[in-house]
Amino acid sequence: MSLWRVAVLWAVVFVSVAVSEPLVFKDCGCVQGKLISVDVSPCPTQPCPLVKGSTYTINVTFTSSEDSPSCSAVVHGLIGGFPVPFPLPEADGCKSGISCPVKAGQTYTYLTKMPIKPEYPQMKLVVRWELRDADNKNYFCWVIPVHIVDG
């Protein structure tokens, strides 16, 4: 690859990073853990535009304060203040980057994909994402505003 092409590629990468905003999330209640970081990719602006037919990567780092043999994700769309369940392809946190059993004092990275189905209605809402231990207590809970849009 020529030096010119490499320079153009790096310029595109730097411009894309500079244009995107850091994700602003709200911690909505960590009972059994501490939320360290949340990344939804791609999410260049907020409210985060979720394009129908696309898939988004969710990457959450947290520290556990309790042991648990398992963990599971629960996702809701808050529409007019009412929680509407959002089905995930894989709700088992132990199959989403976390080595179970979860141990107190350890830091974990939860990594999963979120598909936005073409049949979803176009709308603005708030997504609430929780990871719960075996006793149904939150390791983490976060919310972000999103806007489901046509592709």
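**Close-up views of a predicted model**

**View 1. The largest cavity and its lining.** Strand E9 gives the most to the lining of the largest cavity, with three residues. The model shown here is predicted. The largest cavity has a volume of about 40 Å³. The count of cavities of 30 Å³ or more comes to one. Lining the largest cavity are Val-40, Cys-48, Leu-50, Ile-58, Met-114, Val-127, Trp-142, Ile-144 and Val-146. Strand E3 (48-51) and E9 each supply at least two of the lining residues. By class, the lining has nine nonpolar residues, no polar ones and no charged ones.

**View 2. The largest pocket.** How much space lies in the largest pocket? The value is about 220 Å³. E5 provides the largest share, four residues. In total, 18 residues line the largest pocket. Nearest its centre lie Gly-77, Phe-86, Tyr-120, Leu-125 and Ile-148. The lining divides into 16 nonpolar residues, two polar and no charged.

View 3. Pro-83 has its place in strand E6. Is Pro-83 buried or partly exposed? Its relative accessible area is 43%, so Pro-83 is partly exposed. Leaving aside neighbours within four places in sequence, Pro-83 is in contact with His-76, Gly-77, Leu-78 and Arg-128. Take Arg-128: this residue is 45 residues from Pro-83 along the chain. Yet the C-alpha atoms of Pro-83 and Arg-128 are separated by 8.5 Å.

**View 4. The largest nonpolar core.** In soluble globular proteins, nonpolar side chains tend to be buried together. Here, the largest nonpolar core has 33 residues. Those with the most contacts inside this core are Val-40, Tyr-110, Trp-129, Leu-131, Phe-140 and Trp-142. Two or more core residues come from each of these strands: E2 (33-41), E3, E4 (55-64), E5, E7 (107-115), E8 and E9. E9 gives the largest share of the core, six residues.

**View 5. Leu-131 and its surroundings.** Leu-131 is one of the residues with the most contacts inside the largest nonpolar core. Which residues touch Leu-131, leaving aside its neighbours within four places in sequence? Leu-131 is in contact with Phe-62, Cys-71, Ser-72, Ala-73, Gly-93, Ile-98, Tyr-110, Lys-137, Asn-138, Tyr-139 and Phe-140.

**View 6. Two aromatic pairs.** A pair of aromatic rings is described by the distance of the centres and the angle of the planes. How many aromatic pairs does the structure hold? There are seven. One of them joins Phe-62 and Phe-140, with 5.3 Å centre to centre and 65° between the planes. This pair is edge-to-face. Phe-62 sits in strand E4 and Phe-140 in strand E9, so the pair links parts of the chain 78 residues apart. Phe-62 counts as buried, at 0% relative accessibility. Phe-140 is buried too, with a relative accessible area of 0%. In a second pair, the ring centres of Tyr-110 and Trp-129 are 6.4 Å apart. Their planes stand at 65°, so the pair is edge-to-face. Tyr-110 lies in strand E7 and Trp-129 in strand E8, so this pair ties together parts 19 residues apart in sequence. Tyr-110 is buried at 0% relative accessibility, and Trp-129 is buried with a relative accessible area of 0%.

**View 7. The aromatic cluster.** Phe-62, Tyr-108, Tyr-110, Trp-129, Tyr-139, Phe-140 and Trp-142 form one aromatic cluster.

Notes
Residues numbered from 1 in each chain as written. Predicted model: local features only at pLDDT ≥ 70, side-chain atom pairs only at ≥ 80, totals over all residues. Heavy atoms only, no water. 1 Å grid on protein atoms, 1.4 Å probe; cavity = no way out; pocket = protein on both sides within 12 Å on 5 of 7 lines; lining within 4 Å. Points joined across faces, edges and corners; volume = space filled by probe spheres on them. Nonpolar A, V, L, I, M, F, W, Y, C, P; charged D, E, K, R; others polar. Buried < 20%, exposed > 50% of the residue type's maximum accessible area, 1.4 Å probe, protein only. Contact = heavy atoms within 4.5 Å. Core = buried A, V, L, I, M, F, W, Y, C linked by side-chain atoms within 4.5 Å. Phe/Tyr/Trp six-rings, centres within 6.5 Å; stacked < 30°, edge-to-face > 60°.
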